[in-house]
Amino acid sequence: MGDGGQRRRREYCCVALRFFLLLCFGEQVSAQIRYSIPEEVKVGSVVGNVAKDLGLDITTLTDRQFRIVSGSNDDLFKVNQNNGVLYVHKEIDREALCDGHGACLINLKMVIEHPLEVHYVGVEITDVNDNMPSFTEKDKLLDIPESTPPGRRFQLPAARDPDVGINTVRVYKLNHNEHFDLQIREIGDDKIPFLVLQKPLDREKQSEHRLLLTAIDGGNPSRSGNLNVTITVLDSNDNHPVFSQELYSVTLLENVEVGTVVVKVNATDLDEGVNGEVEYSFGSELEPKVYDIFILDKVSGEIRIKGHVNFEDINVYKLDVHATDKGQPPMSMNCRINIKIVDLNDNEPEIEVTSLSNRVSEDSKPGTVVSLISVSDKDSGINGKVVCTLSGDVPFELKPSYQDNMFSLVTKHKLDRELVSYYDITITATDCGQPPLSSFKTLSVQISDVNDNRPEFSKNPLELYMLENNAPGASIFSLRASDKDTNENAAISYHIVRGESKPNDMASFLNINSDNGHISALKTFDFETLKTFKFQVVATDSGTPLLSSNVTVNVFILDQNDNAPVILYPVSANGSAEGVEEIPRNVNAGHLVTKVRAYDADIGYNGWLLFSLQEVSDHSLFSLDRYTGQIRTLRSFTETDEAEHKLVILVKDNGNVSLSATATVIINAVEPKEAFAASDVKSSVKDDDENNVTFYLIITLGSVSTLFLVSIIVLIVMQCSKSPDYSSKYLQDANYDGTLCHSIQYRSGDKRYMLVGPRMSIGSTIVPGSNGNTLVVPDHRRRASGEVRANLHI
């Protein structure tokens, strides 16, 4: 008792020294407090004053519910809420609590509330020498033939000591005798005693030898256990079985199926007959659990699975197998089989939520703590390493704590309630095993609102295509902005930005409903005078402060077929479209009689004119080119042909609802001499008529040119004011011969559009789904933003 008390005092001094070192250097080394106590310490013994070591106010421990929330399953420790002292609640047996030779550490998680604090306390259970070495059997019988040569070794059972470290088995001793000596061999962590024959045996002199094997541990004071070894000297069977390997090392997956072959041992005997026949058996000193897990075929040497293998129970099995021949006396040899159990990932992680705040403001700063999470996994190694992730794209993240498998759920970046007002955060804990196992836990978090969004339009700028000749006051367009806020923060009003000093500001002719964004035009637009303009609309919410955004609307006026063709030739003195032509009767086929000229103020298909014979006196004599309006003879005149012929020509455009005009041409066929003589007279008569036609033609051309120049100026001004991305090019070009009309080409974005007449340029293609008179023209030449050209054909 005196020695035991002195030993315990030394252990308590060691505990105090460790505690003092923790107080001095614990803050620098780790935030976790660690104590150390020996096993079998008296119930009620003080481990340490946790509250004092943590710097907690002892008077508030009861109100703040200072308690242990995790630790050993047996409640080995308790904490006194009155003074913060951690003490032993139950008797502690290190061997029953911790299996293995490593440090026996119990981690306690301690919680104090108002405010919430989590602290970790580690208690190391140190070993005391409370177990003596023991053998699985009291007596060991060995049969040794007398012919055994000196130096032969015989394995003896190893003693078992549940203690660890220095307190486990350290030495073996054998009583003095003249025939045998003791040899210790270390295999892994174990010390295996072998009996070595030093002097040949003589059965006739001594047939039996009794030895005493003593196993002594390294404790202070030391403990020991004895094994009686009885050796029977047999007559000569001078060859013993020999294993192919002295040590078999095998790895085995846990949960392996029953009947699986683990290993096959093989031993050979040089003897013949029954002396060479070998049988296998397990050593009798094995743990009882081994016989429940493994079975050995005594003939083949196969070791198979008999029961359930679980890594969490035992991770290494050490089997001794004996190979014994059938000679008289039988000879045997031993081998060691180390079976290492490989951990399978057969335990799912467990998730524990320590605390949770279920409502977070959307203007919370990144890093705001929402919850404390702890995870655990019964597996070991990589299978017990747990990775926590959040499922889905959520503005939260898990930050690991300094202690393994502890996490804080925090906000990752700024929240947006208008985008998501409620989050079901699924925490997935996945271990690193193969295949990985996962467990899930869902936390619900509400996001509270602030006003932080401005109205938004679906796209900017917007493009509006409207037909000319719209009705004044009718709605032409409707736009809508959206606001991700709610209630009054999402109530939007609209207004058009008015230009106070800009010339030709079309916004003054527009009106918008401030509530719904419907836009109406206060005037009728004419494509021939205005082709495009733009304006801006501002959307403002009703929040505090007011937030707004604007959008640019580019308006493109589309042409309608609202202009009928105008006959330029023939035009008689009274203004009617009627003319008289004289030709000689001796003209050949293909002779050009005259050419009907017309003009249409519309463009594209609306201005594409086609000529047709509505009335003709002789279809076999004259032809009309439908595109150019040229009248030619189909054959030569005969004596039977009439002298006067009347042709009524219909000129119509290609609009959806065609507009048309007619012209009458009287053709007189005269004798060549008469035609020649009449030409002088006719020239004088026709001077006045031609002067009149020329006058009308000059007036028409002047009007068209003036309109065209105004259009060019407007287009240049608009092109200069547009951004490069949304500018449009307008190019006027003549696409056919014989008709006074014009075509317009323009570019929008990456496409080039052209409104064409009857003669389309080679390589042009019609855009599917576009207006019928719009072509996409290959842009072989890059022109300046404001380049315009126009040709009039007469």
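The questions below go from the disulfide to the other cysteines and then to the cores.

Colleague: How many disulfides does a search of the whole structure find, and which residues form it?
Modeller: This is a predicted model. The search of the whole structure finds one disulfide. The sulfur atoms are 1.8 Å apart, within the 2.5 Å cut-off, and the pair is C98 and C104.

Colleague: What is the handedness of the disulfide of C98 and C104?
Modeller: The torsion about the S-S bond of C98 and C104 is about 60°. The disulfide is therefore right-handed.

Colleague: Is C98 buried or exposed?
Modeller: Buried means under 20% relative accessible area. C98 has a relative accessible area of 19%, so C98 is buried.

Colleague: Is C432 buried or partly exposed?
Modeller: The cut-off for buried is under 20% relative accessible area, and exposed begins over 50%. C432 has 26%, so C432 is partly exposed.

Colleague: Which cysteine is in contact with L319?
Modeller: L319 is one of the residues with the most contacts inside the largest nonpolar core, which has 30 residues. Neighbours within four places in sequence are left aside here, and the contacts of L319 then include F294, I303, I337 and I339. At 1% relative accessibility, C335 counts as buried.

Conventions. Residues are numbered from 1 along each chain as its sequence is written. This is a predicted model: local features need pLDDT of at least 70, side-chain atom pairs count only at pLDDT 80 or more; totals for chains, interfaces and linings use all residues. Side-chain values use heavy atoms; hydrogens and water are left out. A nonpolar core is a set of buried Ala, Val, Leu, Ile, Met, Phe, Trp, Tyr and Cys residues joined through side-chain atoms within 4.5 Å. Buried means under 20% relative accessible area, exposed over 50%, partly exposed in between (1.4 Å probe, protein chains only). Contact means heavy atoms within 4.5 Å.
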